[in-house]
Amino acid sequence: MPELPEVEITRRGFADRIAGAHIQSVRLGQPLRWPLGIAPAALTGRLVRGVRRRGKYLLMDLDHGVLLLHLGMSGRLHFWRDLEGDVPLMAPLPPLPPLPPLPLLPPLGRHDHFELRTDRGHLRLTDPRRFGAVVYAERETADPAAKLLHGLGMEPLSDNFDVQSFYAALHQRRAPIKQVLLTGDVVVGAGNIYACEALFAAGIRPTLRAHRISRARAQRLHTAVREVLARAIERGGSSLRDFAHVDGQLGYFQLEAKVYGRAGQPCLICGTPIRQLRQGQRSTFYCPQCQK
DNA sequence: CTATGGACCTGAATGC
DNA sequence: TGCATTCAGGTCCATA
């Protein structure tokens, strides 16, 4: 589930709440994709300064060191606000809703693989498939972290994502544009869904080789990537508002995909049936009429 | 260096 | 109903 918008929404849901917290203990479930890289007990007493995002990684800055979190395919984070329990809060910031009665913090479940207990609440990673990861590094430029972060492309919503360098980078790649977007070494953040959606918005065929894309169409794609991701964040933010007092386990925002998952259904623009194909083991959806 | 395919896991949906 | 197969929002790594 987590592409850039979901990761960013997750970050916003707990970053301000956990900032300033002191780690009391760490509990682990089954192994995630990589080992933590530090003895869990060695984290106790450290201060959480804040939480940033880079691509689909969350970077939790500590007073000493940094924790990288990745949600993989099926990961989710929940933040349990009170020491003894309470509903998980993933809603955007204050004002806090009135406190319901306090149930006990539930024990780690079958799919809970990481828990950070702090004096400001408890952060839990639930990840059935365990493609996610939590990795400690002394600094983000030092090894376990640097290795994971160094190849990442531009941040789509930052100013350094400019059309010029985007076009220049695409011009170097012969792979199909969809794959180039997915790889994330040019621009990060668009996963399988948003890559399809952005290409639809830009009117570009996913199979088109990246280096054949003209400057003008690169411009359109640049805009499309930004808009698709930014809109998803906005929408997620608004639907997560009631997410907190419903239930932390319940769905993300409902996605308004124009092509993803719509094989055989009419294109919302021209009515032509949406097609599905396979690119590098992933499903791609596109409109053969609107995307050339 | 780029491009491709396999690997890692579990659970839900589909097919016979 | 039961069991096998396919698919799922990611990305690292080995191989050409």
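In the predicted model, DNA strand C is surrounded by 20 residues, the closest being Met1, Lys56, Gly191, Asn192 and Ser283 (a residue is near a strand if its C-beta atom, placed from the backbone, lies within 6 Å of it). Helix 5 (192–202) and strand 11 (282–286) each contribute at least two residues to this surface; helices (H or I, at least four residues) and strands (E, at least two) are DSSP runs numbered from the N terminus. The surface near DNA strand C comprises 8 nonpolar, 8 polar and 4 charged residues, where Ala, Val, Leu, Ile, Met, Phe, Trp, Tyr, Cys and Pro count as nonpolar, Asp, Glu, Lys and Arg as charged, and the others, Gly among them, as polar. Residues are numbered from 1 along each chain as its sequence is written, and chains are lettered from A and ligands numbered from 1 in the order in which they are written. Local features need pLDDT of at least 70, side-chain atom pairs count only at pLDDT 80 or more, and totals for chains, interfaces and linings use all residues.

Around DNA strand B, the residues include Arg129, Arg130, Arg173 and Arg174. By class, this surface has 3 nonpolar, 4 polar and 4 charged residues.

Helix 5 is largely enclosed by the rest of the structure, because 10 of its 11 residues are buried (20 or more other C-beta atoms within 10 Å of a residue's own; exposed, 12 or fewer; partly exposed, in between; C-beta atoms placed from the backbone). Among the buried residues are Ile193, Tyr194 and Phe200. Just after helix 5, glycine 203 adopts a positive phi of about 70 degrees.
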